[in-house]
Amino acid sequence: MKLIITIIQERDLQRVTDALGDNGYFFTKIASTGGFLHDGNVTLLLGVEEEKVEDVLLLIRSNSKAREQYVSLPPPDIMPSSPLMQEPVTVKVGGAVTFVMNVESFERW
Ligand code: 2BA
């Protein structure tokens, strides 16, 4: 079994979770916050059999989208403020950031 952890943008949540649910996958949804932009995002946890991993990744990829986001000021705790660092920048966020991990054991009582 594998544990898939995927971080998606809130705007993709409905599409991604509908696609996973329609295909019979169980998942846990956790509200999360990006450490860089400090924006809300959503983390999904899915325990799946190894042979289903590619199918899940395909569903996530095809239902989430990369977007450019305008950042007017860098977060002060990440980058110390300096007049030279206050130029607006764009960052590309997503589609989805996904980790696939081995699961040592799985129990459901
Ligand atoms: P954030 O941390 O808010 O990052 C949003 C976007 O800002 C990132 O998009 C990336 O394009 C940019 N970014 C992040 N850290 C940066 C840095 N130190 N310098 C320059 N640009 C930076 P994504 O890579 O698509 O990430 C989207 C969200 O996925 C992240 O939101 C974070 O919540 C999560 N994430 C990304 N990589 C991760 C990792 N290695 N471990 C854990 N979570 C991660």
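## Around the ligand

A polar side-chain atom of Asn-41 sits 3.0 Å from an oxygen atom of the ligand. That is a polar contact (a pair of N or O atoms within 3.5 Å; within protein, one must be able to donate a hydrogen and the other to accept it, and residues adjacent in sequence count only if both atoms are side-chain atoms). The backbone takes part too. A backbone N or O atom of Gly-35 lies 3.2 Å from a ligand oxygen. A polar backbone atom of Gly-94 is 2.6 Å from an oxygen atom of the ligand. Taken alone, the ligand exposes 750 Å², and the protein buries 54% of that. Such areas come from the Shrake-Rupley method with a 1.4 Å probe; for residues, only the protein chains shown count as cover.

## About the model

This is a predicted model, in which local features need pLDDT of at least 70, side-chain atom pairs count only at pLDDT 80 or more, and totals for chains, interfaces and linings use all residues. Residues are numbered from 1 along each chain as its sequence is written, and side-chain values use heavy atoms, without hydrogens and water.

## The fold

The protein chain has 2 helices and 6 strands. From the N terminus, they run β-α-β-β-α-β-β-β. Helices (H or I, at least four residues) and strands (E, at least two) are DSSP runs, numbered from the N terminus.

Of the 109 residues, 32% count as buried. Buried means under 20% relative accessible area, exposed over 50%, partly exposed in between (1.4 Å probe, protein chains only).

## One salt bridge

Side chains of opposite charge can pair when their charged atoms come close. A salt bridge is a side-chain nitrogen of Lys or Arg within 4 Å of a carboxyl oxygen of Asp or Glu. The count here is 1. Asp-12 pairs with Arg-67, with the closest N and O atoms 2.9 Å apart. The two residues are 55 apart in the chain: Asp-12 is in the loop between strand S1 (2-9) and helix H1 (13-22), and Arg-67 is in strand S4 (residues 67-71). Asp-12 is buried, at 2% relative accessibility. Arg-67 is buried as well, at 16%.
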